[in-house]
Amino acid sequence: MSILVVGISHNTAPVSLLERVALDSDGVHKLVNDVVGNEHVTEATVIATCNRLEIYTEVDRFHGSVEGLSRLLVERAGEGVESMLPHLYVHYDDGAVSHLFQVAAGLDSMAVGEGQILGQTREALRLGQEMGTVGPALNTLFQQALRVGKRTRAETDIDRAAPTLVSTALQSAMPNGVEGARVVVVGAGSMAGLATATVSRLGAASITIVNRTLERGERLASEYAGTAAPLSELAARIAEADLLITCAGASGTLVTPEMVTGPMGVVDLALPRDVDPAVADLPGVTLVGLEELAAALHGTEAGQEVAAVRRIVTQEVAAFLSARRQASVTPTVVALRTMATSVVDAEMARLDNRLPDLDARSRAEVLQAVRRVADKLLHEPTVRVRELANEQGAVSYERALAELFALDPDAVDAVTRSVVPEESE
């Protein structure tokens, strides 16, 4: 059995496509039920946010599983397979573990370090537990991901990375400050919300939220006494602005040089870019993008916090995979020791038949000696097979051990599997 993730997020798809695959609570439940309907899926849950939709599963076969799960996302988007598939991503086994840990730590968020994703990861685990679709594999994986997310926030200031990113961008685009400026924010996600809160705090004269879905734009605008406008009015709103901040992450560019008619500051916080790089060549226009910000933040406290989180995630992934590989050989080790115990019992029964008058004390001494011999013979192979399980390569040492001794690890598999209880808050 292996972990498989199939998903779509702000890193791979435009907002318009993410909006089409967005699910309410009933939709998430239906998707999970559809996923477990796949014959190769044994466990499943879903992380569903405004910026991502990811299916997490335990599967017994890769190809049949990935095709079926991808088809479920394609159907929900109402897109053709050829146009939809380039926006999907797949993570398998070790890669799936690494991806979830990065997600929980906030490294994969549009607003790096934002804490909301930790709660959304916890919700995905709770959902699967309630529906009975999360078993030992995903339960253990998600519980550890939650611990990793908590650890990164306890040991670093990663939650300050996104605010620092926005503040640095504003300082670069508007050296004289944002106070009194007319600001247009494109997008209504977490990064747009952070940008809006920042310019409001800095004293912007007016804030206009431009978003593809007007209702979401209105919700964000109402929090900061701003106004909202549909994406069709973007050019007109830019013409009235002193500062433009884009956070949509659409495919292709939303802002072209022809739309920028006067001096202004432009901050592009989207990935991929929302703003045509040629805008930077316009007179009186200062364009700041993520590449410039990355260079500016390198070596700063915020950059160091992100680097520290990456180190923690790398350590945690390595530790988790090592423990999982060692656990995978446990059924084989148990089967080997069970076989040895059976051999000892059989030989002692034979001894009883041959020497029926053997006194209890002598029999106990013989039994102890035979058991010591068996334990000493098995000690080195069982220790080594756990060590070798951590080594990468094509050789499966536990399978080799099972073949050599004609073992049936599945016979004792249930003994070694346990559900980790949900962590209390």
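In strand β3 of this predicted model, Thr 57 is the bridge partner of Ala 44. Strand β2 and strand β3 (residues 52–59) run antiparallel and are joined by seven bridges. Strands of a sheet pair through backbone hydrogen bonds, in either a parallel or an antiparallel sense. Both strands belong to an open sheet of four strands, ordered β2-β3-β1-β4, in which the pairing is antiparallel. From one strand to the next, the twist averages 15°.

Helix α6 (residues 116–131) lies across β2 and β3 and runs at about 145° to β2. Helix α7 (residues 136–155) packs on the sheet, where it touches β1 (2–9), β2 and β3. The direction of α7 makes about 35° with that of β2.

The nonpolar interior was examined next. In soluble globular proteins, nonpolar side chains tend to be buried together. The largest nonpolar core has 31 residues, of which Tyr 56, Phe 101, Leu 141, Phe 142 and Val 313 touch the most other members. Two or more residues of this core come from each of the elements β1, α5, α6, α7 and α13. Helix α5 gives the most, with seven residues. With residues up to four places away in sequence left out, Leu 141 touches Ile 3, Val 97, Leu 100, Phe 101 and Phe 320. A second, separate core contains 30 residues, including Leu 165, Ala 173, Leu 269 and Val 288.

Aromatic pairs were also searched for. A pair of aromatic rings is described by the distance of the centres and the angle of the planes. Three such pairs are found in the whole structure. One of them joins Phe 62 and Tyr 92, with 4.8 Å from centre to centre and 70° between the planes, an edge-to-face arrangement. Phe 62 is in helix α3 (residues 62–77) and Tyr 92 is in strand β4 (residues 89–92), so this pair ties together parts that are 30 residues apart in sequence. Phe 62 is partly exposed, at a relative accessible area of 27%, and Tyr 92 is also partly exposed, at 34% relative accessibility. In the pair of Phe 101 and Phe 320, the ring centres are 5.6 Å apart and the planes stand at 75°; planes over 60 degrees apart count as edge-to-face, and the pair is therefore of that kind. Phe 101 lies in helix α5 (residues 94–105) and Phe 320 in helix α13 (residues 301–328), so the parts tied together here are 219 residues apart in sequence. Phe 101 and Phe 320 are both buried.

Helix α8 (residues 161–173) has 13 residues, which at 1.5 Å a residue should span 18 Å. The end C-alpha atoms of α8 are 18 Å apart, in agreement with this value. Buried residues of α8 are Ala 161, Ala 162, Leu 165, Val 166, Thr 168, Ala 169, Leu 170 and Ala 173. Of these, Leu 165 and Ala 173 are among the members of the second core. An α-helix has 3.6 residues a turn, so residues three or four places apart point the same way.

A further strand pair is formed by β9 (residues 264–268) and β10, which pair in the parallel sense over five bridges. Val 266 stands opposite Leu 287 in β10. Strand β10 (residues 285–289) is mostly covered, as four of its five residues are buried.

Conventions: Residues numbered from 1 in each chain as written. Predicted model: local features only at pLDDT ≥ 70, side-chain atom pairs only at ≥ 80, totals over all residues. Heavy atoms only, no water. Phe/Tyr/Trp six-rings, centres within 6.5 Å; stacked < 30°, edge-to-face > 60°. Buried < 20%, exposed > 50% of the residue type's maximum accessible area, 1.4 Å probe, protein only. Expected span 1.5 Å × (residues − 1). Pairing = 2+ DSSP bridges. Axes fitted to C-alpha atoms, helices over the stretch in contact; angles between N-to-C directions. Contact = heavy atoms within 4.5 Å. Core = buried A, V, L, I, M, F, W, Y, C linked by side-chain atoms within 4.5 Å.
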